Every structure is written in structure tokens, then in C-alpha cells.
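Open the model in your viewer and keep the sequence panel beside it. The tour below says what to select at each stop and what is found there.

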Amino acid sequence: MTQTVKIPVVALRGLVVFPEQLLHFDVGREKSIKAVEESAADGHSIFLVAQKHIATENPKLDDIYKYGVIAKVDQIIKIPGKNGRMIHISVRGICRARIHTLTDNGKYLEGEVVPLKSKKVRESEVDYSAALVRSTKDTFAEYSENAPRIPDDIFTGIIEMKDPGRLADFIAGNIMLEVEDRQAVLETLDPVERLEEVNIMLAQESYLLSLEADIDEKVREKMDKNQRDYYLQEQIKIISDELNGYSPEEETEQFREKIKNLKAGDAVKEKLLKECARLEKMAASSPDSSVSRNYLEICTELPWGEFSEENNDIENCRRVLERDHFGLQKVKERIAEYLAVSSIAPDIRGQILCLVGPPGVGKTSIARSVAEATGRKYVRIALGGVKDEAEIRGHRRTYIGSMPGRIIDALQKAGKANPLILLDEIDKLSADYKGDPTSALLEVLDPEQNFEFTDHYVDLPFDLSRVLFITTANMRADIPAPLQDRMEIIELGSYTAEEKFSIAKKHLMPKQIKRHGLKASQLRITDKALREIIDGYTREAGVRALEQQIAAVCRKCAVKIINGEAQKVSVKPADLEALLGSRKFKDDDYKRESEVGVANGLAWTSVGGEMLEIESAVLGGSGKLELTGSLGDVMRESAKTAVSYIRSRADELNINSDFYKQNDIHIHVPEGATPKDGPSAGVTIATSLVSALTGKKVKNDVAMTGEITLRGRVLPIGGLKEKSMAAYRAGMKTVIIPYGNVPDLDEVDSKVRSSLKFKPVKTVDQVWKEAVEGFDGKAGAQ
């Protein structure tokens, strides 16, 4: 029976020693250093055994493997260091051993171990053993072709060895294997079985190395010169950092200091400190270390509990908003209400506004002014075309190149936890196979949830309840209903000509003159010229195109001044054609004579209201109904409804009751290339058609809108504010609207209401009486 010996024990991290193997390694734990020194001083042996988890700092018996190696310490070299002492030792393995007990004597670990004798090859396996030795040497030769450079002494040692047990130990101790695989070889006492295991491992490693070599070759072939240059530059940068005394310990200490100074909760600090400890144990060259470092940098730069001082002075807010924007009274009043409530109840939540209106009316720019007026940082997030949920919530850190979402990125840019975040073009979001960003925004814009918003990358709850969210959209219908429920919708209408004139005079002209390096004394645009630009060169809901035209005038005048043609330039209406070209919109576009079969309709678009002429022609034929002008299905159905209603009233209208059989009816809506749809053109189609059938003219200064039914009723429509603005711009005098839209007149601009005569109607007959010259049909629906 083998005698048990009690000797010092050193637990190795990521290292397995084999019998007869000479190995050099560093020892840093104090108890391990004392165990080595004790063994060397007395000339005794030492037991070297691998521990199961390298993170274990003070291993117990259950934390180490049962099998190890009894070894002799040949040499000890002390290594100076800042973080405690460290030694470099040289050991030589003697024999395998099994540990039974492990105790801590206060200075070092010592254990009772049983030396194990090497088994001999059985006589029945001698020939098999010789063949296995030869096969293993051949497999090692294949392995060495793809493996990193192997020293010549290892080749020589393998060639000379014939004992299967020693050969297995020698190969396992000198090739790249996982600790678990090395330990399995160490614990296999039968020499033939041990060599079989090593042979299999060699074959597997050889196969993997050949695959890696093929992959490396393909990658190298695909790398162009720029990529190689970039790779080399990055390597030079890293080497330079190392030479300049870069210290990972100092970096982790800086992270710890930042984390302790954060105004975050204990749970957040605890998680970040754990990540910091994890980074400290990683090798600086490890890919995971850069991932962990980036994560800590982003988390420590977030404004945890950092708030800017909010300015709740209502008068100051009104002064700033009036300075920067003309009109937009609804938005200004709502911001004033918000400040008043915030002064009384600072902890109120749910301040999420959505500004809906055509382009160019100032939705985005007023958000910047609101931020200035309230003393908040301003950050804009453009949502147009965003279709990936990760854009909002961020990517999980398991993905390569992962990063936080746009909300966290905006907070990081703002540097405060209570900024004004503008979510621009929220109606332009779309979804694909990567997820639906709209669903991700539900949590962001829900006051009951966003106080602990969790980004996938940061993976820590962040309070968004103090953030003032303002969103913008062109079309309310394109905003998903769940998002609409979470926001307060404020609709912004088109500007009148007078409003555009005031905006251009007070804001656009000074802005563009300054932007183009001119002085107010060098360029003057007369009021008449400015009105001519508005009426003749732009036709839009907002003022974006108007600003572009003013900028064009500034550029042309700047050229004249630089060329010495003039010291000062005064732009009059007569000068505009030379500066901006021919007038784009004529005054007589809608100022035509009253005609038969032509009626003025009103349409709503995402950029405001538009006039819509509808033409009808009755021709001899076989009863065909032609509808042209890129009409949608709903508009086609409205035309068919109008024809059917006129057929039902043919006798009262003194129309041939077989007109739909004996004539071809052609209804056309210019402009033909522009798609059109919707039910609100029903009364216009019916009016145009009845004019063509009766030969009576439709008044050219009357515009109309409304949905028609088979019984002749006129149903309410949407977008009355924008449509009435279009009628006003086109110089109409009367606008016929459905009776059900009378309450909507409160939303119409006061200038438009005073300039137009609104005629509410309930039936198509009332429309015809108002719009068709000399119409004397009986009133009332059939």
C-alpha cells in the first residue's frame, strides 16, 4: 500500500503539470508563495494541482481537482511589483498523486497526498501500444503543419520517445489544450488509454487548426490595402499606448471613482462595480475587455440624477416664443399652461405633446425655442425611416458592435436627465422583420412606465419622467392609435398670406441677410416685392419655400455687391423676374370665367389644403363612364354615386332620363399625374356633372367640399381648416361646407373667416342652388 505524505500544496489557475515535465510560471498569491518557499527551504516536494475555477481566490478541497503532480522546485526568482510581491519559479514534475485532505496552517496550504505509480503496458497490448505510438507521432506531424511554431526540442523529444505513457504526458503538456482536457489526460493512469485520448485530441485539434488556416486564408484574400493599413495603424496605436505606460489598474480605479460619484441608486452602482471588477480580471488584449470598457464609459457618462435648473417664468417663456415665432398660439398657450402647472406641482408627469401640421409651419423650430424658454437642454431625434426596434431600445451587448438606443444617446448628449427631447417625424416610423420601433416608443411615451425605462444595452432602469417630450408629425392618421393615446395632439394649420408676410418680414429676411454675410443697410426687399414673392413664387402651407426664395434673392444681391455693380440693393417687384425667374403661379390660375362642367373642389394633403378643379363632359355614345386623373377607389365610387343620384332626379332636373345610356360621361380631375382619393369630392363631382348635363355654368368664385350619399345628403369631411385656407389663397368668395362641419369653423383662421362666406348645406340640391347659375331645382333630398 502506498504511503500518504503531507506536503505543501499550490493551487494552479489555468495550468496543469505532468510528471517529468519542466515548467516555469509566476506565483502571486501569498499562501502559494509561502508554500513554494517552504518546500524549497526544506528540500521537500510540493503538490501542484489545478483549481476548477480560476476566479476562486481561496480554494478549498472542493475547488481543486483530486489528481495533481508531486514536483520539485528547482529555482525561485523574485519579481518586483507595485501590487505586492510575486515570484517566478521553475519546477519539475515527479509523479502523479491524489489528494485526500487540504488544510490551511495559517501560512500556506498543505495536504495529505498519495503518490501514484505509473502502470506498465500489459503484455497483450505491446504490439498495439507500439502501433499507437507510431500513429500518434504521425498525427502530431499533421498537427504541427498548422500549429504555431513548435520548438525543435519538442520534435526531438517526441521522435525519441517509445513509452506510450510518457509520450502522452509529453504531448499533452506541450500543445494547446483546454485545462479540462489536460486534467483528463493526467487522471488517466493506464498508459495505453492515456495515449488513445491524446491521439483523439490531437486529431481534433489538427482538424480545427486546418479549418482556422482556411478561414484565415480567405480573410486575408478579402482584405484590401485600406483594411490592412487600418489594422496596422490600430496595432501601432495599441503598442504606443503600452509603451506610454498604459495601466489597466489605473483605468479601473478611475471607473470605480466615477461610479461612486454617480447620483444613481445603490442597485445601479452595485451592478456597475461588478462590471468593473470583471474588467479588472480580463486581459487588456481580450475582445471582451473593450466591450466591457465601452459599456462602463457609456453608463458613467449618463446623467444619473443630474438636472438642469428649470425656468418656470411664464412671461419669460412668452417673450422668447414671441421673439422666435409668429402665430402658433395653441402651442404657446399649452407651454404656458405647462409652466404654470409645473410651478404648482413640480412632480407632475405626463407632459408629452405632439405637434401635427404641414411641413414648414415651425413644428421643429418651436421645440428649440421651448427648450430655451424653459431652461432645458435640447436634443432632436429624427425618426423618419427608422424601422428597427433597436434604434429606440438599443442592442444587447451580446451583439458585435452593439450600442445604446437613441433615447439613451440623446440623454448622454444632453448631459442632463430633464432635457427637451424632440421626436421628429414620428408618423414616418415603419416596421420590418427586425421589430416595430412604434412598440418600443410606447414605454418611452407612457408616463406610467417611463420612470424606469430600460435600454437593452445599458440594461439598467433610467428615469425619463422628468424629460419633456415633444413629437412632430405631418399626418395624424399615420400615427398609430396606441401612440396617439399617450400624447396630447396640437394641430397646426397653414399660414395665411398676411402671416407669411409678417414671418418673412420679422424673421426670415433678417435671418437670411445675416447668414449671407450682408448687412440690413445693404439689402432691402420692399413690402410689395415680398408680397409678390409670397403670391407668385410660392404656394405652400408653411414658409420653407418662401425662405428658400428669400435666400436666392440674398445670393443674387451678394454677387452684385461683390462685383461692384451696387453698394446697396433695393429689390422691387419689377426686379424679381431677373432675380428669381418667371413667376411660377399666376393670379389668374383660378380667376377664370364661369364655365359649364367645371367646379372648384377642395382637397386636403399632408402639406396643407389644395384647390381641385373637376371637369365633366357629356358626349354622344353608348353609356360609358370614364374617370381619369389618377383617381383612387373611393373617389371613383363617389363619381358613381353622383351619377346614380342625378339619374334618380333626372325628371326634376329636366334631364333626359336615359342620359346614362345614350351618352358617354367623362369626368377628369387635373393634375393627371398626381394620385387623388377620398370621399370629400362627392358634391364637387355631382355639381360638375349636373352643370354639364343641364348646360348651366358653375360660379367660378365658389369652392365646395363634402361627401355625397345616394339619397342626396351631404356628409361631414375632415381638414376643413386647411381646405378653407386653400380657398382663401385661390381668391374664392364662397365656400360650401357640410352642415356637420359648422363646429369646425372655430378652428378656421379669423382672417379666412372674415374673407370668405361659408355656406353650410345638408343636401346636394342646396349646393346646386348656391353654385350653379340659374339653378331652380326643387330643394330637399329625395
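**Stop 1**

Helix H18 passes helix H19 in a right-handed crossing. This is a predicted model. To see the pair, select residues 497-515 for H18 and residues 527-537 for H19; their axes come within 10 Å and cross at roughly 120 degrees. That angle makes H18 oblique to H19, because angles over 145 degrees would count as roughly antiparallel and those from 65 to 115 as roughly perpendicular.

Now show the side chains where the two helices meet. On the H18 side, select Ala497, Glu498, Lys500, Phe501, Ala504, Lys505 and Met509. On the H19 side, select Asp527, Leu530, Arg531, Ile534 and Asp535. Colour this selection by residue class: six residues are nonpolar, six are charged and none is polar.

**Stop 2: the other partner of this tour for H18**

The crossing of H18 and H20 is right-handed.

For the contact itself, select Lys500, Ala504, Leu508, Met509, Lys511, Gln512 and Ile513 in H18. Their counterparts in H20 are Leu546, Glu547, Ile550, Ala551 and Cys554. By class, the contact of H18 with H20 has eight nonpolar residues, three charged and one polar.

**Stop 3: a pair earlier in the chain**

Hide the previous helices and select H2, residues 126-146, together with H4, residues 164-172. Their axes come within 10 Å and cross at roughly 20 degrees. This makes H2 roughly parallel to H4, because the cut-off for that label is an angle under 35 degrees. H2 passes H4 in a left-handed crossing.

Show Ser129, Val133, Thr136, Lys137 and Phe140 in H2, which meet Pro164, Leu167 and Ile171 in H4. The residues of this contact divide into five nonpolar, two polar and one charged.

**Stop 4: isoleucine 77**

Select isoleucine 77, which is in strand S4, residues 67-79.

Next, draw a distance from the C-alpha of isoleucine 77 to the C-alpha of histidine 88. The two residues are 11 apart in sequence and 5.0 Å apart in space. Leaving aside neighbours within four places in sequence, isoleucine 77 is in contact with Met86, Ile87 and His88.

**Stop 5: two positive phi angles**

Select aspartate 459, in the loop between strand S10 (453-454) and strand S11 (461-462). Its phi is near 55 degrees, a positive value in a residue other than glycine. Aspartate 459 is partly exposed, with a relative accessible area of 38%.

Then go to serine 630, in the loop between strand S19 (625-628) and helix H22. Serine 630 is not a glycine, yet its phi is positive, at about 55 degrees. Its relative accessible area is 34%, and serine 630 counts as partly exposed.

**Stop 6: threonine 641**

Threonine 641 counts as buried at 19% relative accessibility, because the cut-off for buried is under 20%. Not counting residues up to four places away in sequence, threonine 641 touches Ile708, Thr709 and Leu710.

**Stop 7: the whole chain**

Finally, show everything and zoom out. How many helices and strands are there in the chain? There are 27 helices and 26 strands. The radius of gyration is 42 Å, well over the 28 Å that the globule rule gives for 782 residues, so the chain is more spread out than a compact globule. Along the principal axes, the C-alpha atoms fill a box of roughly 130 × 65 × 60 Å.

Colour by accessibility and 46% of the 782 residues count as buried. Among contacts between residues at least 6 apart in sequence, 73% join residues at least 24 apart.

Key:
Residues are numbered from 1 along each chain as its sequence is written. This is a predicted model: local features need pLDDT of at least 70, side-chain atom pairs count only at pLDDT 80 or more; totals for chains, interfaces and linings use all residues. Side-chain values use heavy atoms; hydrogens and water are left out. Axes are lines fitted to C-alpha atoms, for helices over the stretch in contact, and angles run from 0 to 180 degrees between N-to-C directions. Helices (H or I, at least four residues) and strands (E, at least two) are DSSP runs, numbered from the N terminus. A crossing is left-handed if the near helix is turned anticlockwise from the far one by less than a right angle, and right-handed if clockwise. Contact means heavy atoms within 4.5 Å. Ala, Val, Leu, Ile, Met, Phe, Trp, Tyr, Cys and Pro count as nonpolar, Asp, Glu, Lys and Arg as charged, and the others, Gly among them, as polar. The radius of gyration is taken over C-alpha atoms; the globule rule is 2.2 Å times the number of residues to the power 0.38. Buried means under 20% relative accessible area, exposed over 50%, partly exposed in between (1.4 Å probe, protein chains only).
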